[in-house]
Amino acid sequence: MTFRTSGPFPPLILDDVRGAQKMLSGVARTTGMEGSRHLSSLVGAPVHLKCENLQRTGSFKLRGAYVRISGLTPVERAAGVVAASAGNHAQGVALASSLLGVRSTVFMPVGAPLPKVAATREYGAEVRLHGHVVDETLAAAQEYAEETGAVFIHPFDHPDIIAGQGTVGLEILEQCPEVRTIVVGIGGGGLAAGIAVAVKALRPDVRIVGVQAAGAAAYPPSLSAGHPVVLDAVQTMADGIKVGRPGDLTFPLVQELVDEVRTVSEDELSSALLLCLERAKMVVEPAGASPVAALLSDPEAFRGPVVAVLSGGNVDPLLMQRILTHGMVAAGRYLSLRLRLTDRPGALAALLATLTVADANVLDISHVRTDPRLGLTEAEVELHLETKGPEHCEEVAAALREAGYLVRV
């Protein structure tokens, strides 16, 4: 079966993906697939997690980068390669180049997380920090390519990249032959397009669902318009799928082969990342958690067995801390409230005793006695509590009200 691409490249076919799989033998890991009891109970059918977060370099990007660089001529290899990325593609290009003995230069934004910059250097690339947004970094990398003759390695919009990422689809069919739905995050579309090329050629009955962050969802308007549309702005913590325009090659493949594209909110991404960590024991970045977010937001919409692709696990520890806090709030695990009490000895102790009985853990407390808004005998207390979920939040607030406190949540 042949699938069309636009531009000067030949059409992508299943044999391209199979050839990429042979090329990646001994280079990329055949990542495992883990069942999720919790997600399975929500969906009402088996749900499996395809763990590309455990791939070398921490994401699927090595697959496409290695296939792309392997296809260069000796003259092109001698000129070296250049890429632009905030993280995953940078590391994939760096390691692939080192394995193939090709010099690599990677442009990264000035604000790129230090662990990602360090990892890219350790994989053998020369890292140049330029620009504060990826578009500026991308322009610098392309200018470098024109000046030096280095080959620009696009993060998603090249047939070799798409074929390399498509090997994930072949592995899914081998590991879960009964699969009915595959859910995968979409940024530029390289992973989704590659999986779709492989899977639809062998199992056209399998439904493929793409997931985008609502703040960077270029595919829905593009699919409606029938051509790639540029977003005016993109804003999401899921930097792995933070792309403002579909690729010229990936768009027609997604348009033809991906059955549906859904969007998820930042709260849903946070909750999904927290679930992956707590229930699946998987460290996953926000982009990698996007398929899980889609399952959580509308579990009845997916026919099982379902495979959700955890595309990457490269998350900055500081961002992880903020995301987990955000996820705890979104999941109803934190409760913030204010209340007033009589300013007398023992009043605060009595309040804390009430919270102890309600089994709420105090994370932070602010006790104000000198605010002009307060009465002469009043004090205001602001509390941040750890709870067991939304129902427990209501129980804690009810216990405080029953004890005579005026509570503002």
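Q: Are H1 and H8 roughly parallel or roughly perpendicular to each other?

A: Good place to start, and keep in mind that this is a predicted model. Angles from 65 to 115 degrees count as roughly perpendicular. Helix H1 (residues 14–23) and helix H8 (residues 159–175) pack at an angle of about 90°, and therefore H1 and H8 are roughly perpendicular to each other. Their axes lie 8 Å apart.

Q: Which residues make the contact of H1 with H8?

A: On H1, look for Leu-14, Asp-16, Val-17, Arg-18, Ala-20 and Gln-21. On H8, the partners are Ala-163, Gly-164, Gly-166, Thr-167, Leu-170, Glu-171 and Glu-174. Sorted by class, this contact has five nonpolar, four polar and four charged residues.

Q: What is the angle between helix H5 and helix H6?

A: Here the angle is about 15°, with the axes of helix H5 (residues 88–100) and helix H6 (residues 114–122) 8 Å apart. Angles under 35 degrees count as roughly parallel, so H5 is roughly parallel to H6. The crossing of H5 past H6 is left-handed.

Q: Which residues of H5 and H6 make the contact?

A: An α-helix has 3.6 residues a turn, so residues three or four places apart point the same way. Now the case here: H5 brings Ala-90, Gln-91 and Ala-94, and H6 brings Lys-116, Ala-119 and Thr-120. By class, the contact of H5 with H6 has three nonpolar, two polar and one charged residues.

Q: How many aromatic pairs are there?

A: The general idea comes first again. A pair of aromatic rings is described by the distance of the centres and the angle of the planes. In this structure the count comes to two aromatic pairs. One of them is formed by Tyr-219 and Phe-251, with 6.2 Å from centre to centre and 20° between the planes, and this pair is stacked. Tyr-219 sits in helix H10 (residues 219–225) and Phe-251 in helix H11 (residues 250–257), so the pair links parts of the chain that are distant, 32 residues apart.

Q: Is Phe-251 buried or exposed?

A: To decide, check the relative accessible area: under 20% means buried. Phe-251 has 4% relative accessibility, so Phe-251 counts as buried. Leaving aside residues up to four places away in sequence, Phe-251 touches Tyr-219, Ser-222, Leu-223, Gly-226, His-227, Pro-228 and Pro-246.

Q: Where is Ser-311, and which residues does Ser-311 touch?

A: Find the loop between strand S12 (306–310) and helix H14 (317–330), and you have the place of Ser-311. With a relative accessible area of 9%, Ser-311 is buried. Beyond residues up to four places away in sequence, Ser-311 touches residues including Glu-52, Phe-60, Leu-191 and Gly-288.

Q: How many helices and strands are in the protein chain?

A: There are 16 helices and 16 strands. Of the 409 residues of the protein chain, 54% count as buried. The C-alpha trace spans about 80 × 45 × 40 Å along its principal axes. Among contacts between residues at least 6 apart in sequence, 72% join residues at least 24 apart.

Note on methods:
Residues are numbered from 1 along each chain as its sequence is written. This is a predicted model: local features need pLDDT of at least 70, side-chain atom pairs count only at pLDDT 80 or more; totals for chains, interfaces and linings use all residues. Side-chain values use heavy atoms; hydrogens and water are left out. Rings of Phe, Tyr and Trp (its six-membered ring) pair if their centres lie within 6.5 Å; planes under 30 degrees apart count as stacked, over 60 as edge-to-face and the rest as tilted. Helices (H or I, at least four residues) and strands (E, at least two) are DSSP runs, numbered from the N terminus. Axes are lines fitted to C-alpha atoms, for helices over the stretch in contact, and angles run from 0 to 180 degrees between N-to-C directions. Angles under 35 degrees count as roughly parallel, over 145 as roughly antiparallel, 65 to 115 as roughly perpendicular and the rest as oblique. A crossing is left-handed if the near helix is turned anticlockwise from the far one by less than a right angle, and right-handed if clockwise. Contact means heavy atoms within 4.5 Å. Ala, Val, Leu, Ile, Met, Phe, Trp, Tyr, Cys and Pro count as nonpolar, Asp, Glu, Lys and Arg as charged, and the others, Gly among them, as polar. Buried means under 20% relative accessible area, exposed over 50%, partly exposed in between (1.4 Å probe, protein chains only).
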